[in-house]
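Let's take a walk through this chain together.

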Amino acid sequence: MPIRNSALGSFGSYPVHFMTQQPIDDLCAALKAEFDQDSRGKAVPALLAAYQAEHQGWRDWVFFSEERYTRNLIMRCEAFELLLLGWATDQESPIHDHADQYCWMSVMEGELEETHYTLPEPVSTADTSGVATPAPAILELGRSKTFQAGGVAFIDDSIAYHLIRPMGAAPAVSMHLYANPIDTCRIFCPETGRPEDISLGYHSVRGELSGSATAETIRARFRS
Ligand SMILES: [Fe+2]
């Protein structure tokens, strides 16, 4: 059962945010302009932090689910996608990579803990016949850091993989920018480091529940 973070304004049968330019649309335009002139997005942290500090309209774009954290798409273009993630308590992500893309995470509300993991190069060991076989690679636990509302984190695969979880008794919301958009990524078994490819979907798209089969597949995967 999806739970709305706040009431969605309406005009006739159309949500208000489909009819008027919202500050979040201005943010999308500013992000697009940034990536048009700098593919590394150096101004992204400042743009995300300024939006978080000045606006509350993002609340109309977030759903929560009792089943898992939600991925709510705000904008997608060739250069990037912008999402809001809704984290009820105890809804942590799996350990995952970012498909060789950049990821910024701006905490809108609540607290989120980010834990880094690295996967060392597999070490080959020779058996009695001299045949070398790669030993299983075990994930190495890295640093954990808690980000409060207003904080912006950055990660890519050259830094680490990570696991995100909400802290405390309150739900959390984070805005994520992926450049380029990420449709598939790898999740990792915490005990063995075994990777698994998964497809990513959206719980909602521009404020409307998507009901996509892909999202259901991901929910089932994360439950196992
Ligand atoms: Fe991530």
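Start at alanine 99, which sits in the loop between strand E7 (95-96) and strand E8 (102-109). Strands here are DSSP runs of E with at least two residues, helices are runs of H or I with at least four, and both are numbered from the N terminus. Residue numbers count from 1 along each chain as its sequence is written. Keep in mind that this is a predicted model, where local features need pLDDT of at least 70, side-chain atom pairs count only at pLDDT 80 or more, and totals for chains, interfaces and linings use all residues.

Alanine 99, though, has a positive phi, near 50 degrees. Alanine 99 counts as partly exposed because it has 18 C-beta neighbours inside 10 Å. The cut-offs: 20 or more other C-beta atoms within 10 Å of a residue's own means buried, 12 or fewer means exposed, and in between is partly exposed, with C-beta atoms placed from the backbone.

Arginine 206 also has a positive phi, about 45 degrees, and it isn't a glycine either. You'll find arginine 206 in the loop between strand E18 (204-205) and strand E19 (208-209). With 16 C-beta neighbours inside 10 Å, arginine 206 is partly exposed.

Now for a peptide bond: the one from alanine 179 to asparagine 180 is cis, with omega near 0 degrees. Asparagine 180 belongs to the loop between strand E15 (172-179) and strand E16 (184-188).

Finally, zoom out. The chain has three helices and 19 strands, and 30% of its 224 residues are buried.
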